[in-house]
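Work through the exercises below with the model open. Each task is followed by a stepwise solution.

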Number of protein chains: 2
Amino acid sequence: MSNSTNQPKPDAKTKKNYTSEDVAAIAGVSQSTVSRVFAGNTNVSEKKRKKILAAAAKLDYKPNAHARSLITRKSMMIGIVMRNIRNPFYSAVLEIFHNRLSAKGYHLIFINSENEEIQESEINRLLEYNVAGVIITDALLSSSASQKFKRYGISVVLFNRYTENLESSAVFCDNYMAAKQIATYLVELGHKSFAFISGPLDTSTTIDRLRGFKEVLAERKIKDLTIEPGHYTFESGFRSAQELLTKNKHIDCIIGGNDIIALGVMDAVRVLGLRIPEDVSVVGFDNIRMSEWPSYALTTWEQPLEEMTTSTVELLLKEIEEGNTSSQVFMMKGHLVVRNTVRSRK
Amino acid sequence: MSNSTNQPKPDAKTKKNYTSEDVAAIAGVSQSTVSRVFAGNTNVSEKKRKKILAAAAKLDYKPNAHARSLITRKSMMIGIVMRNIRNPFYSAVLEIFHNRLSAKGYHLIFINSENEEIQESEINRLLEYNVAGVIITDALLSSSASQKFKRYGISVVLFNRYTENLESSAVFCDNYMAAKQIATYLVELGHKSFAFISGPLDTSTTIDRLRGFKEVLAERKIKDLTIEPGHYTFESGFRSAQELLTKNKHIDCIIGGNDIIALGVMDAVRVLGLRIPEDVSVVGFDNIRMSEWPSYALTTWEQPLEEMTTSTVELLLKEIEEGNTSSQVFMMKGHLVVRNTVRSRK
DNA sequence: ACTTTTTTTGAATACGTATTCATTAAGCAT
DNA sequence: ATGCTTAATGAATACGTATTCAAAAAAAGT
């Protein structure tokens with residue numbers, strides 16, 4: 001590279017950032033008064049306020065957020081910890097959280113990782129920046145991490161996940177009931193041979209969904225259930241379904257642990273030359289946008305995304321702004337969205 | 001509010017954050033020395049370093065990043081401005097940027113918005129936090145925003161987008177050449193009647209892709225080209241294709257401005273009872289993961305995502321760490337990925 | 001042993017804001 | 001006018017770190 005052509009380093013040192021004192025000097029007031037105007041909450045005479053704002057505009061002055069955070073011990077940053085942003089469900093979640101929190105003046109620090117250790121180290125960095133709050137989305141390590149945040153006085157809300165001890169606020173869908181309703185629906189339509197292709201067995205969502213499903217089948221004395229754990233990805237659903245269907249010809253119904261898995265299942269079924277729903281029924285979980293694409297038209301369980309995100313933000317902001325320490329748990333309902341991937345077998 | 005029930009405010013005041021002075025006191029050294037250990041770069045005797053680290057561990061001490069940023073005038077935060085995180089291409093982009101930058105110790109401040117004004121206000125907030133750098137991804141407002149950042153001495157790299165004056169570094173795919181190659185490929189396979197369903201006409205990607213495409217058709221004396229501008233979404237592609245195909249029966253080839261559009265096109269074609277590629281060929285742009293799902297198997301142009309993100313990060317970090325001011329432009333190649341949505345018509 | 005050089009160390013200061021406290025100006029009733 | 005209450009203001013200080021500068025300690029050279 002042409003680093004040799006040594007110019008005299010134009011900026012870097014020159015980039016003078018104006019401070020509240022500069023503004024004060026121009027406006028003919030004290031730094032305190034400038035600060036009061038930009039902090040917003042205290043009284044300043046209209047006359048001086050005008051002068052100050054004019055001076056600030058002239059210099060294109062912006063308060064230094066680090067200095068502010070240092071003195072107030074509050075930052076306007078919120079950490080959002082995710083596990084799989086490539087899952088469209090979480091892309092949507094991220095978008096919504098961003099819109100909501102941005103409207104309230106908060107910045108989002110985004111953390112995504114399937115790897116627990118990376119997350120740990122990043123969480124330490126969140127602590128260094130004194131984030132106002134953290135949303136942990138279906139992530140690993142929820143419990144140890146949220147304890148850590150709590151210890152530092154940082155509010156945490158778990159989204160789509162909860163911990164046993166209920167020490168953190170949490171918002172999630174009643175996955176257990178949802179799975180029961182799905183199971184009931186399928187059983188009553190006459191399905192006999194079930195396969196459940198789940199996500200990782202160490203997440204609360206997976207556990208609850210599986211539990212509800214198994215319970216209903218047990219009640220109805222149906223023993224023909226294969227459980228295939230995997231990951232919450234298309235490929236995982238595809239491969240599991242492929243294996244399952246080549247081994248076990250008479251399966252008439254496959255439930256995906258989430259929609260992405262279910263879409264993978266659908267493609268596997270089709271590649272094998274079977275038809276949906278004529279030969280096999282498929283059900284998903286989440287109701288992501290792709291589920292309604294005509295090529296899939298997946299019957300699935302809708303998580304009430306708007307309500308869930310709204311509650312999460314409300315909870316978090318209440319904890320942050322009111323110092324509310326008592327943790328609350330919101331369990332949402334959701335509902336079945338019937339499309340074209342299930343059919344009666346009676 | 002129940003301010004009257006005056007409890008002694010349990011935490012909030014109690015949540016003592018330990019400082020470098022506390023560590024210094026325990027370790028029996030000065031604050032300066034503690035700082036030196038955590039800043040990393042200067043000499044401290046091995047003996048004291050050990051003592052200090054032990055004391056720090058005991059208190060679970062973490063340096064305050066705001067204080068650090070205030071004094072160093074550098075933050076370890078990078079703003080990433082996006083336009084449509086729901087497009088899987090950008091979910092992937094975000095994930096990769098996060099992995100790369102997180103590994104280097106940077107935090108990502110995520111900004112997503114289709115609305116230009118919201119972005120403006122958020123960008124001001126980025127400035128308040130003194131971000132070290134900014135990646136602007138296919139966003140609106142690139143040029144005015146990047147100028148603003150530059151004025152504050154903040155490094156900017158544009159991703160998948162460039163501005164005319166070339167004042168900012170930029171990394172993008174050679175969309176013009178790519179479109180030419182796609183067009184040539186389709187023409188040589190004997191297609192006669194083209195439709196191009198594009199994204200918004202005010203983005204450089206759209207413009208370049210359209211230009212390349214039109215040029216080739218003009219060279220080959222093909223006049224039968226319909227251009228349908230829309231958005232980079234499934235619905236947009238779906239609706240445009242539906243309209244187009246009901247009006248204009250003899251179209252034998254539809255090009256989507258990106259993959260999501262192309263997938264929408266495919267579903268529209270199928271809903272109308274036509275077959276791909278027998279009746280209509282479809283081509284996309286990006287090569288997102290869904291393109292290879294068996295239900296679509298979309299022929300598309302692959303953007304070299306890894307190389308593009310790697311270059312972007314390298315460029316940005318070089319500018320940040322070396323104060324490199326000369327802007328560089330990387331134009332990548334990409335290549336056609338042939339699957340099952342195009343067929344010869346000769 | 002005593003310089004001379006190099007490495008460590010601590011005291012002091014700066015970064016840019018918010019906030020307390022005392023002071024001054026303004027508002028208002030008499 | 002006078003007193004009295006309220007609002008507006010500035011000086012001083014704190015937040016927690018990095019860094020400069022001078023002093024002290026250690027190492028090296030003779």
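Two residues are in contact if their C-beta atoms, placed from the backbone, lie within 7 Å. This is a predicted model; local features need pLDDT of at least 70, side-chain atom pairs count only at pLDDT 80 or more, and totals for chains, interfaces and linings use all residues. Residues are numbered from 1 along each chain as its sequence is written, with chains lettered from A and ligands numbered from 1 in the order in which they are written.

**Exercise 1.** Find which rotation superposes chain A on chain B.

Step 1. Superpose by least squares on the C-alpha atoms of residues with pLDDT of at least 70 in both copies.
Step 2. Read off a rotation of 180° with 0.0 Å of shift along its axis, at RMSD 0.1 Å. That is the relation of a two-fold axis.

**Exercise 2.** Describe the contact between chain A and chain B.

Step 1. Chain A brings 46 residues and chain B 45 residues.
Step 2. H5(A) gives the most to the side of chain A that touches chain B: seven residues. Helices (H or I, at least four residues) and strands (E, at least two) are DSSP runs, numbered from the N terminus.
Step 3. Of the interface residues of chain A, 98% are also interface residues in chain B, so the copies meet through the same surface.

**Exercise 3.** Determine in which sense E2(A) and E2(B) pair.

Step 1. Strands pair if DSSP finds at least two bridges between them.
Step 2. E2(A) and strand E2 (residues 107–112) of chain B are antiparallel, over three bridges.
Step 3. A:Phe110 stands opposite B:Leu108 in E2(B).
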